[in-house]
Amino acid sequence: MNSSEENNKLEKNIQTDFQKAMSYGDYLHLDKILSSQQRLSGHHDEMLFIIIHQTSELWMKLIIHELTKAIQYILQNDLEPSFKILSRVSRIQQQLIQSWSVLSTLTPSEYLEFRDKLGQSSGFQSYQNRLIEFALGNKNAHTLAVYKHQKELYEKMVEALHKPSIYDAAIQALVARGIPVDDDVLHRDLSKNYEPNESVEGAWLTVYRNVDQYWDLYELAEKLVDIGNQQQLWRFNHMSTVERIIGHKKGTGGSSGVTYLKRVLDQHFFPELWSLRTKL
């Protein structure tokens with residue numbers, strides 16, 4: 001029996017009748033997903049633009065799913081399971097970062113062929129990106145105004161604004177291990193953007209100076225640094241790609257475009273985990 005005949009023999013058990021069975025396409029709802037790329041222009045490259053943003057939103061959905069669970073574990077002072085999750089988040093962020101290099105193949109003249117079809121829609125309005133920022137501790141109630149026209153979504157965003165970020169959870173984990181942190185940090189308004197605090201920096205310094213004693217907290221801190229760094233890289237690549245394609249034009253949603261994105265880069269995550277490095 002030759003190799004072709006052997007392969008045919010081995011493949012006889014493959015399922016081919018899906019009249020009453022669930023197929024791969026059924027499970028993934030590919031009919032809905034693959035029919036959602038509706039170009040508003042006749043330009044070839046609009047397909048690239050749509051797919052990059054749609055796939056990014058899918059990856060963001062997974063990040064939110066993972067961060068929500070990680071925060072739950074950390075608030076329960078069960079740090080170990082969160083490490084695998086946070087490593088996964090970092091890998092997902094790498095996928096998002098890489099996507100900008102694909103979009104950067106879109107030239108300015110090509111984008112101008114369909115940019116006017118976008119109307120006032122803009123990545124600034126991505127509520128999932130906003131939820132990720134909230135989960136990482138970057139909170140700004142003013143950004144919720146763009147969601148007021150969608151009542152259920154707006155209420156979801158307000159609820160997320162008031163929930164503890166992963167950094168709030170990490171600080172609670174410090175206290176649970178007997179490392180002191182100021183009460184005004186522990187009882188702060190969670191809907192406000194996190195501000196650096198000396199007692200928090202001191203607490204993390206205790207962890208970094210006593211790694212053997214606080215290995216799990218040290219591991220958590222380094223996972224957070226990795227995620228914060230990846231988020232900054234994503235922001236930078238976003239800004240760089242936008243500048244490459246539209247220069248300093250205003251964004252389609254009315255923002256200042258590159259100027260706004262450069263300001264966003266100044267908003268750091270988990271500030272004490274960076275400042276302590278100078279003091280070690």
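Reader: Where does Asn-138 lie?

Author: Asn-138 lies in the loop between helix H7 (127-135) and helix H8 (151-161), where helices are DSSP runs of H or I with at least four residues, strands are runs of E with at least two, and both are numbered from the N terminus. Please keep in mind that this is a predicted model, in which local features need pLDDT of at least 70 and side-chain atom pairs count only at pLDDT 80 or more, while totals for chains, interfaces and linings use all residues. Residues are numbered from 1 along each chain as its sequence is written, and side-chain values use heavy atoms, with hydrogens and water left out.

Reader: Is Asn-138 buried or exposed?

Author: Asn-138 counts as buried because its relative accessible area is 12%, and buried means under 20%, exposed over 50% and partly exposed in between, with a 1.4 Å probe and protein chains only.

Reader: And which side chains does the side chain of Asn-138 make a polar contact with?

Author: One partner is the side chain of Glu-133, at 2.5 Å, and another is the side chain of Gln-267, at 3.0 Å. A polar contact here is a pair of N or O atoms within 3.5 Å; within protein, one must be able to donate a hydrogen and the other to accept it, and residues adjacent in sequence count only if both atoms are side-chain atoms. If contact is taken as heavy atoms within 4.5 Å, and neighbours within four places in sequence are left aside, Asn-138 is in contact with Glu-133, Asn-193, Arg-235, Gln-267 and Phe-269.

Reader: Switching to H9, how many of its residues are buried?

Author: H9 is mostly covered, with 8 of its 11 residues buried; among them are Asp-168 and Ala-169.

Reader: Why does Asp-168 count as buried, and what does its side chain reach?

Author: Asp-168 counts as buried because its relative accessibility is 8%. Its side chain reaches the backbone nitrogen of Ser-165 at 2.9 Å, and a polar contact of 2.9 Å also joins the side chains of Asp-168 and Arg-188. Beyond its neighbours within four places in sequence, Asp-168 is in contact with Arg-188, Leu-190 and Tyr-194.

Reader: And Ser-165, what does its side-chain oxygen come close to at the start of H9?

Author: A side-chain oxygen of Ser-165 reaches to within 3.2 Å of the backbone nitrogen of Tyr-167. Just after H9, Gly-178 takes a positive phi of about 85°.

Reader: What about Ala-169?

Author: Ala-169, also found in helix H9, counts as buried because its relative accessibility is 0%. Apart from its neighbours within four places in sequence, Ala-169 is in contact with Ile-71, Ile-74 and Leu-75.

Reader: How do H9 and H11 cross?

Author: The axes of helix H9 (residues 166-176) and helix H11 (residues 198-209) come within 11 Å and cross at roughly 65°, where axes are lines fitted to C-alpha atoms, for helices over the stretch in contact, and angles run from 0 to 180 degrees between N-to-C directions.

Reader: Which residues in the largest nonpolar core touch the most other members?

Author: Of its 70 residues, Ile-166, Tyr-167, Trp-204, Leu-224 and Leu-273 do, a nonpolar core being a set of buried Ala, Val, Leu, Ile, Met, Phe, Trp, Tyr and Cys residues joined through side-chain atoms within 4.5 Å. Helix H12 (residues 215-246) supplies the largest share of this core, 11 residues. Not counting residues up to four places away in sequence, Leu-224 touches Leu-86, Ile-166, Tyr-167, Ala-170, Phe-270 and Leu-273.

Reader: Which residues of H14 are buried, and what covers them?

Author: In helix H14 (residues 271-279) the buried residues are Pro-271, Glu-272, Leu-273 and Leu-276, and their cover includes H9, H11 and H12.

Reader: Last one, how many helices and strands are there in the chain?

Author: There are 14 helices and 0 strands, and 41% of the 280 residues of the chain count as buried.
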